[in-house]
Amino acid sequence: MSTFYFIAFLSIFFSLLVIFAKNPVHSVLYLILTFFTFTIHYILLNAQFLAVVNFIVYMGAIMVLFLFVMMLLNLNKETEPGKHYLAKLAGVIAGGCLLVTLVGSLKAYKLSAPVILHDPNLGLVKNLGKVLFSEFLLPFEISSVLLLSAMVGAVLLAKKEPRATA
Amino acid sequence: MNTLILISVLPIVLLYLGLYKAKNALLPVTVIGLLVAAGLAVAEWNSNAQPIYHDMMLFDRFAIAFSVITIVSTILIVLLSKGFFEKISEHVAEYYAIMLFSLAGIIVMVSYYNLTMLFIGIEIMSVSLYILAGIRKRDVASNEAALKYFLMGAFSTGFLLFGIALLYGASGSFNLAAIRDYTLSHPRNIDPMFYTGVLMIIVGLCFKLGAAPFHFWTPDVYEGSPSIITAFMSTVVKTAGIAAFLRLFSACFASIADFWMPVLLVITVVTLFIGNITALYQHSFKRMLAYSSISHAGYLLFAIVALGSGSANSVFMYATAYSIASIIAFGVLILIQQQTGSDDFESFNGLGKSNPFLAVVLTIAMLSLAGIPLTAGFIGKFFMFSGAVSRYHIGLVVVAVINAIISIYYYFKVIIAMYFRNTADRVALAVPGYFGFVLGLSALATILIGIFPGIISDLI
């Protein structure tokens, strides 16, 4: 339990740092750390597949992509557009509404009975594979069309046209 | 199922044809392949379909009818594309392939029986469209269209996915029948999470459909994309979107209509007004068609607001009429754009004298879109409105009739430009054979359905 609280503290701490960091690159680096703490949460919940996917895809691929984009865009204080007064007001109102909703729903909800899994090994790769290749075989296969289409399109858009006129 | 397999394999065949430089074979292979796919779909008409592959898909009459109409529309659009892609790039095969991939996604969207299939179908369709919107790589408007569509589409997919997750959390299943059973077995105490999920799904699907207030991407994307792709987006994609919408709501949420009906009612009214009133102020024909497609999304939503046993039929009718008429409009627009390089209303001036055939078919299309009797559009609107009246949505029908009257103004702007505004330097357009065939066939179908609606009105 104490591990959970420690990791939860770290998650909140790093996500606050994401918001408060002045430098966008630092922000992204903190976001990577935040995702890393999520990975540990998944491991604590015995959801190994989610942990691995979170580690590889989110922390690895997507966040590094973020970092590259940030560096390419060269965001710094001079290029950042000044925040309008009205935008700030709208942000405060929207954020306040969210806070009120969250507090209200927390008050309305009673503490539920602790969820007990029928199968504590639910999140293992083995179980996921079994479901994926029996019940969800068709969606799994059809995803290949999605990937192929995206791949063909990416090549098509990235390839240089031999002619100059379009 | 055979249809889906064929349409998934066909693009791969096309890619190979492109690899071996068999450019002339592309169009015939595409058209024949699609015709066979439509035939395979029709062959299953009386097969009394059951959900297949662990209840993932259901090829019932609903799915078959919408598969066939989307396939036929795609054939017509593909025929119009003869010579269009060659001007953009050398990789023609890839464009056809991506278009057909998108169609494969659409087939999944109209025949799903499980929410995961709905999601994958929408994604296959959307990802292909993001690419198609941006195929004019050196055109800034096309780049903007692709990027905007991608960002907005990804955002709306997020909503949809969140909604599906909440439905799963409440009902414990992705299966449409299981979700329906959940709503039936908990008439009083449905989890609030479930309602939130329904709202999220409405947001996600309205984004894809281009209904207000989620329509902001539509005009820019439709205007920036190449006209062929715009034709594809505003006909086939819209039909698929409303079919998926209707399938989900009639299969799962019919018993909790009291909850979501007012939401959709407001969306429908707002969509009608925004689409029609903004279309009044457009100078570009293409942009006008974009806004009119928003208002037609509003009319299509009528069937879901007045959900009943006849909804599928009226959506099928309306989508057919709207698709055929839009294909004519975009076909003529492509020819005009090739000649004058502009898509303003002025570029239609004098078309009645120089090209009587084009002017007549475009007039038929505009009349059909406006819903004038003896055209398919009138029958479509009639079905929609009578469905709404039978559910006592009198106010909604009044609003819709007012909007139909507004729409007549901007549809007639084109007709007036063609017949009553003359320009001296108008040269007759050369109409290629493919265009003549598609335009003539579509105009004929519009009038035929308008006079004998019985041929497709009782199908589903």
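## Chain A

Chain A has six helices and zero strands. Its order along the sequence reads α-α-α-α-α-α. The model described here is predicted.

Of the 166 residues in chain A, 8% are buried. Among the contacts in chain A with a separation of 6 or more, 56% are between residues 24 or more positions apart.

## Chain B: overall form

Chain B contains 20 helices and zero strands. Along the principal axes, the C-alpha atoms of chain B fill a box of roughly 70 × 55 × 40 Å.

Buried residues account for 59% of the 460 residues in chain B. When contacts in chain B between residues at least 6 apart in sequence are considered, 80% of them join residues at least 24 apart.

## Helices α12 and α18 of chain B

Helix α12 of chain B spans residues 257-280, and helix α18 of chain B spans residues 394-420. Their axes are 9 Å apart and the packing angle is about 15 degrees. An angle under 35 degrees counts as roughly parallel, and α12(B) and α18(B) are therefore roughly parallel to each other. The crossing of α12(B) and α18(B) is left-handed.

On the α12(B) side, the contact is made by B:Leu265, B:Thr268, B:Val269, B:Leu272, B:Phe273, B:Asn276, B:Ile277, B:Ala279 and B:Leu280. On the α18(B) side, the contributing residues are B:Leu396, B:Val399, B:Ala400, B:Asn403, B:Ile406, B:Ser407, B:Tyr409 and B:Tyr410. By class, this contact of α12(B) with α18(B) comprises 13 nonpolar, four polar and no charged residues.

## Helices α3 and α11 of chain B

From α3(B), the residues in contact are B:Phe62, B:Phe66, B:Ile69, B:Thr70, B:Ser73, B:Thr74, B:Ile77 and B:Leu80. They meet B:Ile228, B:Ala231, B:Phe232, B:Thr235, B:Val236, B:Thr239, B:Ala240, B:Ala243 and B:Arg247 in α11(B). The contact of α3(B) with α11(B) has 11 nonpolar and five polar residues, with one charged residue.

## The loop residue B:Gly134

B:Gly134 is located in the loop between α6 (115-133) and α7 (140-171) of chain B. A residue is buried if 20 or more other C-beta atoms lie within 10 Å of its own; B:Gly134 has 24 and is therefore buried.

Leaving aside residues up to four places away in sequence, B:Gly134 touches B:Ser142, B:Asn143, B:Ala145 and B:Ala146, and also A:Leu157 of chain A. B:Ala145 is 11 residues from B:Gly134 along the chain, and the C-alpha atoms of B:Gly134 and B:Ala145 are separated by 6.7 Å.

## The interface between chains A and B

In the interface, 18 residues of chain A are in contact with 29 residues of chain B. The side of chain A that touches chain B has 13 nonpolar residues, three polar residues and two charged residues. One of the contacts between the chains joins A:Leu157 and B:Gly134.

Terms used: Residues numbered from 1 in each chain as written. Chains lettered and ligands numbered in written order. Predicted model: local features only at pLDDT ≥ 70, side-chain atom pairs only at ≥ 80, totals over all residues. Contact = placed C-beta atoms within 7 Å. Nonpolar A, V, L, I, M, F, W, Y, C, P; charged D, E, K, R; others polar. Axes fitted to C-alpha atoms, helices over the stretch in contact; angles between N-to-C directions. Helix = DSSP H or I, 4+ residues; strand = E, 2+ residues; numbered from the N terminus. Parallel < 35°, antiparallel > 145°, perpendicular 65-115°, else oblique. Left-handed = near helix turned anticlockwise from the far one by under 90°. Buried ≥ 20, exposed ≤ 12 C-beta atoms within 10 Å, placed from the backbone.
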